[in-house]
Amino acid sequence: MSTATGQHQQHHERSVVLPIEGMTCAACVSTVTNAIAHVDGVSGVVVNLASETAAVTFAPTGQRIAAMRDAVRSVGYGMVEETAVLTVPGLADTDSARPLEAWLGGIDGVLRTDANLATEQITVTLIPGTVSPGVLRDAATAAGFSGAYVTGADAMDAELERLSRRVEIRDLRNRAAFSIASAAAIMLLMLIPAIERGVGMPWVNAIALVVATPVQFRAARQIYASAWGAVRHRTSNMNTLIALGSSTAYFYSAVVTLSGSAIGSGETYFDTSTAIIALVLFGRLLEARAKGSASDAIRALIGMQPQTARVTRNGEERDVPASDVVPGDAVMIRPGERIPVDGVVTEGTTAVDESMLTGESIPVDKQAGDVVFGGSVNTSGGISIEATKVGSATAIAQIIRMVQEAQGSRAPVQRLADIVAAYFVPGVLAIAALTFLAWWQLGPQPALDTAMLNAIAVLIIACPCALGLATPTAIMVGAGSGARHGVLIRGAEALEQAHKLKVVVFDKTGTLTKGEPQVTDVLPRGISENELLSFAAAVEQQSEHPIAAAVVRAAKDRGLDLPRASDFQSAPGLGVRATVDVDAITVGGLGLVRSADIALGGTAESAVRVLAERGRTPLVVLRNNLVIGILGVADIVRDESAEAVAALKAMGLEVAILSGDVRPVAEGIAAQLGIQRVMAEVLPSAKAAEIERLQREGKRVGMVGDGVNDAPALTQADVGIAIGSGTDAALEAADVALMTADVRLAGAAVHLSRSTMRIIRQNLGWAFGYNLLLIPVAAGVLHLVFGNGGVPEAWRWALGEHGFLNPMLAAFAMALSSVSVVTNSLRLKRWMP
């Protein structure tokens, strides 16, 4: 079944995407998911590690979002907050401020309010993405204030800042640099014999303790805070492993230094504890940079939304925030400016760069009456438009929402990693404990040191991060790359399902053809050509079907005056009928004639056959159930259709055509395009059944369509693909939306799915393989191979004399593991249709 986002969502439910802080691994995802899921009223939650967000569906009653924030904080994580400043003219005293603050406080997503009467402003603390400026203004209006406006922190800028991770990267860079410098200093202390001879080993250890302590408790404070939060809530995460491993080395060394007693070998491992922290922070720095790069596509889309608009109100031209524009406003756009909202050109001519929507770089000419989209660039002449869609209703806002939903959704292939992650950290803790006990009893001397260092290596080298990031980072980059080239994926499941397709079914009219049919033949019977066209067009002018438009256009091209038609009726897939003057006029295909059991007669039958053989759709015109003529209508095959079909066949996919047209016409189009499987004369209500029949043959089916009649088939298909020239109903029913009418993008969607799944498989293979291979190595199994002193010289830098992995190298391997997964996913940025 189709998985279009929100398709089955109840109207009384609300969906939000909440930014989460502090998640580092798949165990964190599980913890946050469970916390939010237990909030009363929540019906669905998907937490994404790569984007650090939680997509939540819930009943919008009460302060649900605040309850979610509290639930997330209760398990040791955070939720991003931001402030907006609501300026309220006339906010003069406490009595007037109190009801407004009450109104604001009742908005779900608002956490706190703070009124400043001197400046007539209220500072509102809220969760980003949950409350729009318009909602705050409406609250002020409801409380009796007019002219309120929102300033302060801009939601778009805040989201761009979060996605770029600039603050996080700066903080990690500072802490990693400090830790690396400290670790290097301690290593120099340990490695230069002159220092030990000069001050003695106790002083060397004391100096190392002083240098290592800030690293342990300042640079690694977030690691400890997360680990402690997990302990308090009886769970564990990756930071639990890091904190336990580095703390073991640090506190063991501190006890040796401060007591002066020879515990074990009497050696200290401050270099190990600081190097672990330094390498972990360095790895997270690289990971944060890679994640920031993974969000390039969505940041580019968000950055395309202009923040101001130039409108004319009451005869005065002025700049206002784009969020203040309302439908009907007259908006002026100068050459070189981005169009702030969707609208219709009322004055001027220009060329508009719509590449942000379609991926096509050639500007599109626009004149009065043409539709323009917010975020596109006015490249040449100045124009005036009438705003039709604003705010979240604009095309660019809808695209951003779809991409965010796709990037934040969870693919079925991730379920195995989720199951493993649930047991991963407890399993690693158990392996580390067994490793310590085994080598303490059986290991080479000094046994305590050997046991401790091997247990630390196990704790540090384990990497649940890689498991948690393997799928979502690939989905994030893949969905972003698709959007950049005009392929919008609605969810991770659709992106996964598309690579399994065996058959791609195309609707004919408006998909493989241009949907702009032309009347090619006028064959009257007992009346003139003009009379026949006049009767047919009078009825068809009330229909929205492309063929009806062709008939009306043909009549107008001949300058015919159309008589008035009444009692219009439409039989989908069959035809239309109405009363013209006093006659019942019916216009339709052969299906309508057959259903009415009307005999065409030999001449008409022959004409219909000839038209069909020439690839033209025959329309029979009846007056009072008597045939008065036949019209031949031909649609034009899109230039790119043959290439699209060839590309899909080259991928090993079967291609079929689904049409309500008579079989000879459908087969004629199919022959032009090299399609062998034809499903013709299919009523709109039966299209879904045809898709289901293919599925019963054991095939995964993709359906490509553009019209309202295609919506059930798009929903029935395993992957529904709607082309950009299609109707809202088709686009809403589809799993993949193509932003142009170029059907070659259908093959691009399949190719993108295959590329993304290949990256996901590589990531999961690396994540599982890394842990399965290196955790045993860290536990010391190579000692059983090499024995005492049997390690080859070339490997002793890593394994020492006895085959035990250096914990510092374990930290280095762990740091690179998650970075490698994210970096591999970034290869999808180079994907091209």
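Helices (H or I, at least four residues) and strands (E, at least two) are runs assigned by DSSP, numbered from the N terminus. By that count, the protein has 32 helices and 30 strands. The model is a predicted one.

**Overall picture**
- Along the principal axes, the C-alpha atoms fill a box of roughly 120 × 75 × 50 Å.
- The protein has 833 residues, and 53% of them count as buried.
- Among contacts with a separation of 6 or more, 69% join residues 24 or more positions apart.
- The protein exposes about 34,600 Å², with 56% of that supplied by carbon and sulfur atoms.

**A four-stranded sheet**
- Four strands form an open sheet in the order β2-β3-β1-β4, and their pairing is antiparallel.
- β2 (42-48) and β4 (78-79) stand at the edges with a single partner strand each, so one side of each has no neighbour in the sheet.
- Strand β1 (residues 14-21) pairs with β4 over two bridges, in the antiparallel sense.
- Ile-20 stands opposite Met-79 in β4.

**Helices on the sheet**
- Helix α1 (residues 26-37) packs on the sheet and touches β1, β2 and β3 (53-58).
- The direction of α1 makes about 160 degrees with that of β2.
- Helix α2 (residues 64-74) lies across β1, β2, β3 and β4.
- α2 runs at about 30 degrees to β1.

**A nonpolar surface patch**
- Leu-188, Leu-191 and Ile-192 make a nonpolar surface patch of about 300 Å².
- Leu-191 is found in helix α6 (residues 166-191).
- Leu-191 counts as exposed because its relative accessibility is 66%, and the cut-off for exposed is over 50%.

Technical notes. Residues numbered from 1 in each chain as written. Predicted model: local features only at pLDDT ≥ 70, side-chain atom pairs only at ≥ 80, totals over all residues. Heavy atoms only, no water. Pairing = 2+ DSSP bridges. Contact = heavy atoms within 4.5 Å. Axes fitted to C-alpha atoms, helices over the stretch in contact; angles between N-to-C directions. Patch = residues over 30% accessible without salt bridge, like charges linked within 9 Å, V, L, I, M, F, W, Y side chains within 5 Å. Areas by Shrake-Rupley, 256 points an atom, 1.4 Å probe, with all protein chains shown as cover. Salt bridge = Lys/Arg side-chain N within 4 Å of Asp/Glu carboxyl O. Buried < 20%, exposed > 50% of the residue type's maximum accessible area, 1.4 Å probe, protein only.
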